[in-house]
Amino acid sequence: MKVRRSEGTVPEVAEGLLSDRNPDATLAVETRGLWKSYRHPWTMQVARGIEDLNLEVRRGEVMGYLGPNGAGKTTTLKVLTGLHKPSTGMAWILGRRVEDSAARQKLGFLPEQPYFYDYLNGVEYLELVLGLSGISGRDASQRARHWLGRVGLGDKPRVMLRKYSKGMLQRIGLAGALAHDPELLILDEPMSGLDPFGRRDVRELILEQRARGVTVLFSSHILPDVEMLCDRVAIVLQGRLQRVATVAELMDDGRHSVEIRLAQKAMIELPLPLAGVLSRRDVGGETRFVLSDESRTHEVLAWLQSEGLTIRALTPQRPSLEEMFMATAEQVTGTRETSTRRSA
């Protein structure tokens, strides 16, 4: 593959190399060599949103798309939904090119900041959305009322959207994405603006869609929800896809710690060989140690027993998804800073 690249631009791939490729039928979402850049209208400087993205989302799975602000999450989702045109590379949804409007017939999409016609009420809005999907008449009215109730707004069918709270707008937006029974659901920060009860309802809806065989791709900053919902997660940083793995795989790759609880308050000092891996804190009338390197558990237990201390509990602790995400982000940032210094 011949690639021509200049500073601040995306590569120009020889025409025909990607267009001849057929999509994988087992995938609901597939991208190959996808780039998206933006040129500032005044300074003409180029900013890259995503770089060389190769993403695969299997049919029927729930995938979380994780990254900090500005990482390229929303850019990716807008390219997949046809709202942005890629600078180069290719993308398919449900076996069709994203440029093909037919690809969006079975797509449900909730953007991060959806726009609503606020002079409509909830039923009217959903009937409008269903009409755009080719569903009208009695079927549209029945679906509108069903989904309004399904997202917890069934007691407000005639309230105009301008009187909705932010959380209520998020719920009606989700209902609009689901009302036409999509095969692929793309959600950009679906938990945004919701209280704990609203987040629970959205989680239940996502799990319900997975049970129906619907593919769900969603971005989120609320990592505990991602940990509970997702079959796999994709981590994107600075426009590049860093890793795709199951939550369990991410956890297993992390260093596990061990909490050791004593039956009493220990009046001892940490030995120097353990000072870097063992920390302590006193809680009430007991002392708790946290060992960051579980391979040294027997060494710590032998030391505590030699001091005549009674161990009440020994609890292995897995790193959370948030801890794993932060570790990945710090590693990537550190690698790029080192590379920049070397090239300077």
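**Close-up views of a predicted model**

**View 1. Glu 286 and its arginine partners.** Glu 286 forms a salt bridge with Arg 312, and their closest N and O atoms sit 2.9 Å apart. That pair links distant parts of the chain, with Glu 286 in strand S16 (residues 286–291) and Arg 312 in strand S17 (residues 311–317), 26 residues apart. Keep in mind that this is a predicted model. Glu 286 also meets Arg 288 in a salt bridge (2.8 Å, N to O), and both of these residues are buried. Glu 286 itself has a relative accessible area of 6%.

View 2. Asp 225 belongs to helix H6 (residues 223–229) and Arg 203 to helix H5 (residues 196–211), so the pair ties together parts that are 22 residues apart in sequence. Asp 225 is buried at 0% relative accessibility, and Arg 203 is buried too, at 18%.

**View 3. Arg 171 and its surroundings.** Look for Arg 171 in helix H4 (residues 166–178). It's buried, with a relative accessible area of 16%. Its side chain makes a polar contact with the side chain of Asp 201 (3.3 Å). Beyond its neighbours within four places in sequence, Arg 171 is in contact with residues including Val 151, Leu 153, Leu 194 and Phe 197.

View 4. Leu 128 lies in helix H2 (residues 122–132) and counts as partly exposed, at 34% relative accessibility.

Conventions
Residues numbered from 1 in each chain as written. Predicted model: local features only at pLDDT ≥ 70, side-chain atom pairs only at ≥ 80, totals over all residues. Heavy atoms only, no water. Helix = DSSP H or I, 4+ residues; strand = E, 2+ residues; numbered from the N terminus. Buried < 20%, exposed > 50% of the residue type's maximum accessible area, 1.4 Å probe, protein only. Polar contact = N/O pair within 3.5 Å; in protein donor to acceptor, adjacent residues only side chain to side chain. Contact = heavy atoms within 4.5 Å. Salt bridge = Lys/Arg side-chain N within 4 Å of Asp/Glu carboxyl O.
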